[in-house]
Amino acid sequence: MKLLSTAATLLLCLAPLSASARSISFFDSAQAPIKAENIPVEGNNPLEYCADPSGNILEIESVDLFPNPPLPGQTLTINAKGNLKDRVEEGAYVALEVKYGLITLIKQTADLCEQIKNVDLECPLEKGEMTLTKQVDLPSHIPPGKYNVHADVYTKDGKKITCLDARNIEFKLKP
């Protein structure tokens with residue numbers, strides 16, 4: 001389960017926040033399917049935008065992961081820089097989906113303002129430049145396979161803050 005929260009943390013830190021379930025539904029299909037837009041996020045990372053990011057409230061300048069790809073049993077460091085075009089207030093939320101191969105492991109909605117406390121931020125998030133550094137200790141026993149993470153982040157009024165995908169993050173058995 002720590003792997004799932006780590007994967008969620010990776011994407012949610014970039015929004016910037018960290019994941020925790022407010023409601024979980026494994027069979028709810030209200031969230032849009034993951035689409036292959038192939039618009040990469042700048043930096044040393046496996047991230048892509050879900051769609052054209054030009055209308056997003058969060059302009060991500062770069063995201064760097066060390067190590068990339070993440071390795072079981074090591075500390076993952078996430079460095080992100082961006083610019084908020086508008087103020088983000090209480091009521092903002094994230095819709096998160098984590099898949100292991102074709103199997104949906106997590107499909108949840110989380111309160112953004114509750115979660116950003118995990119990265120030493122709090123709402124309201126003021127308009128302007130933002131920098132984030134987060135370290136996550138990855139468990140040494142991560143089940144081998146390919147993981148996909150999708151996060152849609154919205155303001156309380158439903159305006160898109162950002163939408164990110166991390167595809168085919170592969171963990172292998174240790175030799």
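Start by selecting D120, which sits in the loop between helix 2 (112-115) and strand 8 (128-137). Helices (H or I, at least four residues) and strands (E, at least two) are DSSP runs, numbered from the N terminus. This is a predicted model, in which local features need pLDDT of at least 70, side-chain atom pairs count only at pLDDT 80 or more, and totals for chains, interfaces and linings use all residues. Residues are numbered from 1 along each chain as its sequence is written, and side-chain values use heavy atoms, with hydrogens and water left out.

Stay on D120 and check its backbone: phi is near 60 degrees, a positive value in a residue other than glycine. Most residues other than glycine have a negative phi, and most peptide bonds are trans. D120 is exposed, with a relative accessible area of 73%; buried means under 20% relative accessible area, exposed over 50%, and partly exposed in between (1.4 Å probe, protein chains only).

A disulfide joins C113 to C123, with an S to S distance of 1.9 Å; the term disulfide stands for a pair of cysteine sulfur atoms within 2.5 Å. The torsion about this S-S bond of C113 and C123 is about -80 degrees, so the disulfide is left-handed. Both cysteines, C113 and C123, are buried.

The structure holds two disulfides, so please select C50 and C163 next, whose sulfur atoms are 2.2 Å apart. C50 is buried at 7% relative accessible area, and C163 is buried at 4%.

Follow strand 10 (residues 160-171) to N168. Its phi is positive, about 50 degrees, although N168 is not a glycine. N168 is partly exposed, at 47% relative accessibility.

Now go to the loop between strand 4 (58-66) and strand 5 (75-84), where you will find P67. The peptide bond from F66 to P67 is cis, with omega near -5 degrees. P69 is in the loop between strand 4 and strand 5, and the bond from N68 to P69 is cis, with omega near 10 degrees.

For the last stop, select Y100, Y147 and F171, which form one aromatic cluster.

Note on methods:
Rings of Phe, Tyr and Trp (its six-membered ring) pair if their centres lie within 6.5 Å; planes under 30 degrees apart count as stacked, over 60 as edge-to-face and the rest as tilted.
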